[in-house]
Amino acid sequence: MAAAAARLIPEMAYAQRAAVSVGDLPKDMVWLNANENPAGPPAVALAAMQQTLPTAGRYHYQEFRDIYNVIAKSEDLTADQIVTGCGSSEVLHTAVDVFTSATRPLISVSPAYEGPIELARVLGRP
């Protein structure tokens, strides 16, 4: 349960942002900590989204192997060396799960993303 709670830390940061009164901020303010882009998505990305939207209501599990292979090839790796996730938090948590243990500590710097450090602490990993 504690590990699940640790995964909510980034969500709590977004909740803090939602609590900020919009009237107090410039309308063109960009939230860098939320990966916002003031220019918006490029035209090529919008075209790809529009092409994909008709099938967006389905999971494309059959395509995962191909996606991993393409990513691996672009980095001169094998598909089993690739970890993907829904945003950086999921990948960082996976790294903590895979690469740390009671005898293998998480080594970090300060400042750093809080999620992995808190997850290691909650899991009892040094």
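What you're looking at is a predicted model, where local features need pLDDT of at least 70, side-chain atom pairs count only at pLDDT 80 or more, and totals for chains, interfaces and linings use all residues. Residues are numbered from 1 along each chain as its sequence is written, and side-chain values use heavy atoms, with hydrogens and water left out.

**The overall picture**

- The protein chain has six helices and zero strands; helices (H or I, at least four residues) and strands (E, at least two) are DSSP runs, numbered from the N terminus.
- Read from the N terminus on, the elements go α-α-α-α-α-α.
- Of the chain's 126 residues, 10% count as buried; buried means under 20% relative accessible area, exposed over 50%, and partly exposed in between, with a 1.4 Å probe and protein chains only.
- Take the contacts (heavy atoms within 4.5 Å) with a separation of 6 or more: residues 24 or more positions apart account for 37% of them.

**The second largest pocket**

- This pocket has a volume of about 210 Å³.
- On a 1 Å grid over the protein atoms alone, a cavity is a set of points where a 1.4 Å probe fits but cannot get out, while a pocket is an open set with protein on both sides within 12 Å along at least five of seven lines; lining residues have an atom within 4 Å of a point.
- For the volume, grid points are joined across faces, edges and corners, and the space filled by probe spheres set on the points is what counts.
- The second largest pocket is lined by His60, Phe64, Ile67, Tyr68, Thr84, Gly85, Cys86 and Glu90.
- Helix H4 (residues 64-74) gives the largest share of that lining, with three residues.
- By type, the lining splits into four nonpolar, three polar and one charged; Ala, Val, Leu, Ile, Met, Phe, Trp, Tyr, Cys and Pro count as nonpolar, Asp, Glu, Lys and Arg as charged, and the others, Gly among them, as polar.
- Glu90, one of the lining residues, sits in helix H5 and is partly exposed, with a relative accessible area of 34%.
- The side chain of Glu90 reaches the backbone nitrogen of Cys86 at 2.6 Å.
- Glu90 and Pro116 are 26 residues apart in sequence, and their C-alpha atoms are 9.7 Å apart in space.

**Helix H6 and its two sides**

- Gly115, Pro116, Leu119 and Ala120 are the buried residues of helix H6 (residues 114-122).
- Seen down the axis of H6, these buried residues fall within an arc of 125°, so they line one face of the helix; the arc is that of the directions from the helix axis to the C-beta atoms.
- Turned away from that buried side is the face with the exposed residues Glu114 and Arg121.

**The loop between H5 and H6**

- Thr100 lies in the loop between helix H5 (88-99) and H6, and at 7% relative accessibility Thr100 counts as buried.
- The side chains of Thr100 and Arg125 are joined by a polar contact of 3.0 Å; a polar contact is a pair of N or O atoms within 3.5 Å, and within protein one must be able to donate a hydrogen and the other to accept it, while residues adjacent in sequence count only if both atoms are side-chain atoms.
- The side chain of Thr100 also reaches the backbone oxygen of Val96, at 2.5 Å.
- Leaving aside neighbours within four places in sequence, Thr100 is in contact with Ala95, Pro105, Leu106 and Arg125.
- Pro111 has its place in this loop too, and the peptide bond from Ser110 to Pro111 is cis, with omega near 5°.

**The loop between H4 and H5**

- Asp76 is found in this loop and has a positive phi of about 60° although it is not a glycine.
- At 71% relative accessibility, Asp76 counts as exposed.
- Thr78 is in the loop between H4 and H5 as well, and is partly exposed, with a relative accessible area of 42%.
- A polar contact of 2.3 Å links the side chain of Thr78 to the side chain of Asp80.
- Thr78 and Tyr68 are ten residues apart along the chain, with their C-alpha atoms separated by 8.4 Å.
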